[in-house]
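I wanted to see how the pieces of this chain sit against one another. Here are my notes, in the order I looked things up.

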Amino acid sequence: NMQIAIVVMKFRELRAHPAAIVRCESIAINLTGQSLSSDGFHSRLENLLQRSPVALSRLCFEITETAAISNREGAGRFLQALRDKGCRIAIDDFGAGMQSFSRLRDLPFDIIKIDGSFVSNMLEDRRDFEVVQASVAVARASGAEVVAEFVENEATAQRLRDMDVRWGQGYLYSRPRPLKEVLAAAG
């Protein structure tokens, strides 16, 4: 399974940079919808987690809202099992799937990552701003943290801070880089 190979590779990269691991507050790994519905993937991932190079509380598994909702029952059980082990769960690209907010009640999550297509235009487009604001409200009502994607300028970052969004990702902060490169620079 490609997803297992990715986790194995990330764990190998982390083990190769032990000094940098201390400085990594959170390591995010994306999961696909196919992985969420595979019992074989679930058991292989659980075996890998027993040998994790970092505390499980520092691992965050990201899933798209569409992938989680398409197999809500099975995904919910699997994600809850990961949370019970101490891992965190993020709903990635929130808002892009156009799914009902009420369907999220069945999914365990700790973080909502607001889809960047709304964030990048929120200062110019009132509808995008309203989607961002609604997403923040859903996260707060669920006790989840909020991460805004595609934060590309200080004006957007300030508006998000005004909404009490404390986490962002985008070109304002850094260009995407391979984990290996980030670890080498940190360690």
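I started with helix α1 (residues 2-15) and helix α10 (residues 179-186), whose axes come within 10 Å and cross at roughly 15°. For the record, axes are lines fitted to C-alpha atoms, for helices over the stretch in contact, and angles run from 0 to 180 degrees between N-to-C directions. Helices are DSSP runs of H or I with at least four residues, strands are E runs of at least two, and both are numbered from the N terminus.

This is a predicted model, where local features need pLDDT of at least 70 and side-chain atom pairs count only at pLDDT 80 or more, while totals for chains, interfaces and linings use all residues. Residues are numbered from 1 along each chain as its sequence is written, and side-chain values use heavy atoms, with hydrogens and water left out.

How do α1 and α10 run relative to each other, roughly parallel or roughly antiparallel? I put them down as roughly parallel, because angles under 35 degrees get that label, while those over 145 count as roughly antiparallel, 65 to 115 as roughly perpendicular and the rest as oblique. On α1, K10, E13 and L14 meet L179, K180 and L183 of α10; contact means heavy atoms within 4.5 Å. I sorted the residues of this contact into three nonpolar, no polar and three charged. My sorting rule: Ala, Val, Leu, Ile, Met, Phe, Trp, Tyr, Cys and Pro are nonpolar, Asp, Glu, Lys and Arg are charged, and the others, Gly among them, are polar.

Next I checked α1 against helix α4 (residues 39-49), and found an angle of about 10° with axes 10 Å apart. This pair is therefore roughly parallel too. Here Q3, I4, V7, V8 and F11 of α1 touch F41, R44, L45, L48 and L49 of α4. That contact splits into eight nonpolar, one polar and one charged.

Then I looked for aromatic pairs (Phe, Tyr and Trp rings, the six-membered one for Trp, with centres within 6.5 Å; planes under 30 degrees apart are stacked, over 60 edge-to-face, the rest tilted). I got one. The ring centres of F41 and F78 are 6.1 Å apart and the planes are at 70°, so I noted edge-to-face. F41 is in α4 and F78 in helix α6 (residues 72-84), 37 residues apart.
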